[in-house]
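Reader: I would like to learn how to read a structure like this one, feature by feature. Could you show me the model and walk me through it?

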Amino acid sequence: MGRYVARRLLLTIPVLIGASFLIFAMVYALPGDPIRALGGDRPLAPAVVAQLRDEYNLDDPLVVQYAKYVGDLLQGDFGTDFRGREVLDTIEQRLPVTIQLAVVAILFEAVIGIIAGVLAGIRRNGFLDNVVLVSSTIVVSVPILVLAFVAQFVFGLQLGWFPISGIGEGWYSFVLPGLVLAAGSLAYVARLTRTSVAENMRADYVRTAKAKGLPRRTVIVRHTLRNSLIPVVTFIGADIGTLMGGAIVTESVFNLPGIGRAIFDAVRAQEGAVVVGIVTLMVFFFIFFNLVVDVLYAVLDPRIRYD
Amino acid sequence: MTRPDLSQPRAAAPGTGGTVLEVDDLHVEFRTRSGVVNAVNGVSYRLAERETLAILGESGSGKSVSAQAIMGILDTPPAVITGGGIWFEGRDLLQQSEEEQRKVRGPGISMIFQDALSSLNPVYSVGYQIGEMFRAHRGMSKKDAKKRAVELMDRVRIPGAGARVNDYPHQFSGGMRQRVMIAMAIALDPRVLIADEPTTALDVTVQAQVMDLLKDLQRETGMGLILITHDLGVVNEVADNVAVMYAGRIVERGTVDDVFANPAHPYTDGLMSSVPQVEAKGGRLLPIAGQPPNLAAIPSGCPFHPRCSRRRLGAAATPGRECATDLPPLRLVVPGREAACHYSEEVLGV
């Protein structure tokens with residue numbers, strides 16, 4: 001197992017290099033001139049433009065720019081944006097917000113999704129099963145943007161239960177955006193759990209567990225759930241990475257100063273260093289959580305061994 | 001519906017004791033969207049201590065469903081027990097609460113299944129799964145339960161039990177896995193063990209070992225054994241009595257020696273002729289013509305009549321014994337032998 005993890009971690013290096021180069025190239029290929037845009041309506045003096053272009057290596061070919069970027073990166077220098085702000089500072093400031101949002105979203109997704117799925121799965125075609133089916137279909141088919149505004153309007157404005165903007169109220173500020181961010185995955189987790197539980201309820205070993213005279217609770221919790229949750233854990237684990245990166249819309253609508261907003265702003269301003277730094281970090285998170293899932297897989301299912 | 005006479009003790013193997021389990025006119029149906037499937041239609045039998053009763057029949061004859069009804073592990077819905085009784089230790093299990101029924105499973109009646117790989121939970125060690133019996137029914141600690149699990153694995157002759165107790169089902173061979181199932185089933189010294197096709201998934205040599213083990217355990221504990229199978233060879237070797245099922249009914253019953261030597265029902269006769277025999281080497285196998293009955297539309301009269309070579313229809317039949325209209329009851333034909341055929345005497349040749 002240890003060797004497997006080490007090998008997987010080593011494999012992240014080429015993936016990170018490849019991913020960061022692709023992102024770098026995409027930012028490079030964006031139309032428009034980022035330096036000229038800095039001046040707004042009034043054009044910058046040619047001398048200033050030349051100085052900035054030189055400072056940010058903008059006149060070098062793509063490969064040279066990238067090589068210089070990686071060279072700095074290896075010395076721990078993430079570079080600066082065009083206003084001279086360290087990219088690392090931006091990440092340090094923004095990342096906790098996104099992590100908080102992702103944690104709240106994952107909690108909603110896992111707790112509500114799994115409970116709903118289990119209740120639906122143990123009584124297939126029952127009342128709760130239909131409730132879960134209908135509500136998850138609605139949630140999945142409504143775009144997250146619409147969901148966000150409806151949530152803000154109903155729970156924020158009409159009922160006044162939750163703040164709808166900013167992070168002024170600590171964890172409580174993240175309840176509504178977390179729910180909105182989690183909604184799609186939550187519905188998916190509920191459906192996945194439901195199918196998996198319903199299937200496992202008919203498994204031969206569950207029949208055996210009943211024939212052993214185990215209490216119903218034991219049959220469900222120990223013999224049905226553990227096996228049913230293996231695919232669910234896989235999905236949720238992989239989803240952590242997705243949620244961290246996919247929070248752009250939610251952070252914008254709820255005005256949360258997180259990583260998603262930072263990427264959005266940086267792309268608009270063509271801040272190559274910022275975009276590449278943050279997205280590469282996201283890629284790393286994604287790979288990391290996938291590795292965690294694979295390790296967890298072996299813990300949950302003894303048939304899976306990596307050595 | 002004529003009920004078989006249960007007041008008379010049935011033929012039992014020499015040295016067997018009193019009745020431990022009695023199934024009385026059991027009816028089970030499956031209510032599906034496409035209609036009602038009549039899986040078990042009035043099955044009655046008794047099992048004595050130390051007796052091995054084989055229930056023989058082809059797929060869909062209701063043999064497994066009736067066993068699952070006894071265990072209380074039918075999927076309800078779609079299955080519904082629509083009538084009858086299952087008497088165990090003086091109580092009708094069907095009248096008991098779910099909780100009381102649960103307490104019988106394990107210490108009273110237990111069951112082993114055909115495919116041990118899918119019947120064991122893949123994510124728990126075999127020691128844990130055997131030990132669960134003691135933890136759930138005896139309130140034993142995890143540690144003590146594991147100790148007992150090792151003893152049981154020894155008892156079912158799993159080599160190196162102490163070292164293998166923490167292994168998972170997929171790490172065992174097919175025969176060893178079935179031994180694990182058996183260890184689990186006998187953990188609490190049940191009075192009745194139901195073995196549903198216990199050797200079907202195993203190699204022939206391993207089959208014999210597993211059957212020997214079951215017989216040895218039965219000798220030690222005196223439990224009654226219900227052996228559900230379609231394997232005539234296994235029945236011949238290990239069973240005392242046999243009940244042949246067709247379309248959810250018992251069509252013939254008697255001691256194995258009698259039934260095998262001289263069947264009283266055309267279906268049993270057909271089964272015997274369809275199996276390769278060493279003595280009849282080079283001869284032709286005679287399959288039973290036609291298809292097993294559709295349980296959603298069981299033929300009228302004798303359910304076997306469309307496939308029966310001895311059927312008598314219309315004017316050829318004795319009045320009241322028309323095979324396509326009159327359902328033959330399970331009746332005593334000669335001492336110790338019952339059959340559900342209007343013309344059993346002719347089949348027997350008595």
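Author: Gladly. Let us begin with a term: two residues are in contact if their C-beta atoms, placed from the backbone, lie within 7 Å. Keep in mind that this is a predicted model.

Reader: How many residues from chain B and from chain A take part in the contact?

Author: A general remark comes before the count: the size of an interface is often given as the accessible area lost when the parts come together. Here we can count residues instead: chain B contributes 23 residues and chain A contributes 18 residues. On the side of chain B that touches chain A, the elements giving two or more residues are helix 2 (98-104), strand 6, helix 3 (116-119) and helix 4 (126-138) of chain B. Helix 4 of chain B gives the most, with four residues.

Reader: Let us turn to chain A. How many helices and strands does chain A have?

Author: Chain A has 13 helices and zero strands. Its C-alpha atoms fill a box of roughly 85 × 55 × 30 Å along the principal axes. Of the 307 residues in chain A, 36% are buried. Taking contacts in chain A between residues at least 6 apart in sequence, 75% join residues at least 24 apart.

Reader: At what angle do helix 1 and helix 13 of chain A pack?

Author: Helix 1 (residues 2-29) and helix 13 (residues 272-300) of chain A pack at about 150°, with their axes 9 Å apart. Helix 1 and helix 13 of chain A are therefore roughly antiparallel to each other. Their crossing is right-handed. Among the residues that make this contact are A:Leu16, A:Ile23 and A:Phe24 of helix 1 of chain A and A:Val279, A:Phe284 and A:Ile287 of helix 13 of chain A.

Reader: Now for sheets. In what order do the four strands of the open sheet in chain B stand?

Author: The general idea is that strands of a sheet pair through backbone hydrogen bonds, either parallel or antiparallel. In chain B, four strands form an open sheet in the order 2-1-4-5, with antiparallel pairing. Strand 2 (35-48) and strand 5 (91-92) of chain B stand at the edges with a single partner strand each, so one side of each has no neighbour in the sheet. Strand 1 (residues 19-32) of chain B is joined to strand 2 of chain B by eleven bridges, and B:His27 stands opposite B:Asn41 of strand 2. Helix 1 (residues 63-71) of chain B packs on this sheet, where it touches strand 1, strand 2 and strand 4 (79-88) of chain B. The direction of helix 1 of chain B makes about 110° with that of strand 1 of chain B.

Reader: And is strand 7 of chain B enclosed or open, and why?

Author: Five of the five residues of strand 7 (residues 192-196) of chain B are buried, so this strand is largely enclosed by the rest of the structure. Both faces are covered: B:Val192, B:Ile194 and B:Asp196 lie on one side, and B:Leu193 and B:Ala195 on the other. Four bridges link strand 7 of chain B to strand 6 (residues 109-112) of chain B, running parallel, and B:Met111 stands opposite B:Ile194. Five bridges link strand 7 of chain B to strand 8 (residues 224-229) of chain B, also running parallel, and B:Ile226 is the bridge partner of B:Ile194 there. From strand 7 the chain crosses through helix 8 (residues 204-221) of chain B to strand 8, and this β-α-β crossover is right-handed.

Definitions and conventions: Residues are numbered from 1 along each chain as its sequence is written. Chains are lettered from A and ligands numbered from 1 in the order in which they are written. This is a predicted model: local features need pLDDT of at least 70, side-chain atom pairs count only at pLDDT 80 or more; totals for chains, interfaces and linings use all residues. Two strands pair if DSSP finds at least two bridges between them. Axes are lines fitted to C-alpha atoms, for helices over the stretch in contact, and angles run from 0 to 180 degrees between N-to-C directions. A residue is buried if 20 or more other C-beta atoms lie within 10 Å of its own, exposed if 12 or fewer, and partly exposed in between; C-beta atoms are placed from the backbone. A crossover is right-handed if, with the strands pointing away from the viewer, the path from the first strand over the helix to the second runs clockwise. Angles under 35 degrees count as roughly parallel, over 145 as roughly antiparallel, 65 to 115 as roughly perpendicular and the rest as oblique. A crossing is left-handed if the near helix is turned anticlockwise from the far one by less than a right angle, and right-handed if clockwise.
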